[in-house]
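Subject: Structure for you to look over

Dear colleague,

I am passing on the structure we talked about, and below it I have set out what was found. Please read the notes with the model open beside you.

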Amino acid sequence: NNSHFNVEASTDGRNFEKIGNVEGAGWSNESLSYEFMDESPERGVNYYRLAQVDFDGTISYSEIVSVEFDKLGGAEVFPNPALDFVNVSFGEAFTGTLDLYDLQGRLVQRYDLEGQEQKEIILSDYTAGIYLLRLIDQNGQLINSQKLIKR
């Protein structure tokens, strides 16, 4: 009986705003996965919840989850848009992974980082389009997420 999900965000964990929606599957007995990307999170801790909206208008809310962005002072991606290469600067020594995803959510490339302050990514073999760079620390926590435009 699921019409859609409203994705809601907050910076204080109490006052939420709708930032997007994802269409529901209607009726299903199977476990389904959905995906949504906040394209402009605030620096620091962001809180998220889902409002499941049924066909009859009934709304139920998920648990609230928190994500911390720019924990390293903000990774910088330059140049952006890019043609042949892009540099990602972490602001300090970083250990973890830098993942490059396409718009369909597929992992294109994973770079293992060990105490690096910057990483150059060669883009000449990739098609033009929009990609997502995700910086993941050694504990598996998302640290930063940024859009990359390949010309």
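The structure holds 1 cavity of 30 Å³ or more, where a cavity is a set of points on a 1 Å grid over the protein atoms alone at which a 1.4 Å probe fits but cannot get out, grid points being joined across faces, edges and corners and a volume being the space filled by probe spheres set on the points. This is a predicted model, in which local features need pLDDT of at least 70 and side-chain atom pairs count only at pLDDT 80 or more, while totals for chains, interfaces and linings use all residues. Residues are numbered from 1 along each chain as its sequence is written, and side-chain values use heavy atoms, with hydrogens and water left out.

The largest cavity has a volume of about 50 Å³, and its lining (residues with an atom within 4 Å of a point) includes Val 88, Leu 98, Leu 133 and Leu 135. The lining divides into 7 nonpolar, 3 polar and no charged residues; Ala, Val, Leu, Ile, Met, Phe, Trp, Tyr, Cys and Pro count as nonpolar, Asp, Glu, Lys and Arg as charged, and the others, Gly among them, as polar.

The largest nonpolar core has 19 residues, and Val 88, Leu 98, Leu 133 and Leu 135 are among those with the most contacts inside it. Such a core is a set of buried Ala, Val, Leu, Ile, Met, Phe, Trp, Tyr and Cys residues joined through side-chain atoms within 4.5 Å, buried meaning under 20% relative accessible area with a 1.4 Å probe, protein chains only. S7 gives the most to this core, with 6 residues. Leaving out residues up to four places away in sequence, Leu 133 touches Val 77, Ile 121 and Leu 148, among others, contact meaning heavy atoms within 4.5 Å.

The largest pocket (an open set of points with protein on both sides within 12 Å along at least five of seven lines) contains about 820 Å³ of space. Of the 30 residues that line this pocket, Glu 35, Phe 36, Met 37, Asp 38 and Arg 134 lie nearest its centre. S9 gives the most to the pocket lining, with 4 residues, and the lining as a whole divides into 18 nonpolar, 3 polar and 9 charged.

With best wishes

Methods: Helix = DSSP H or I, 4+ residues; strand = E, 2+ residues; numbered from the N terminus. Buried < 20%, exposed > 50% of the residue type's maximum accessible area, 1.4 Å probe, protein only.
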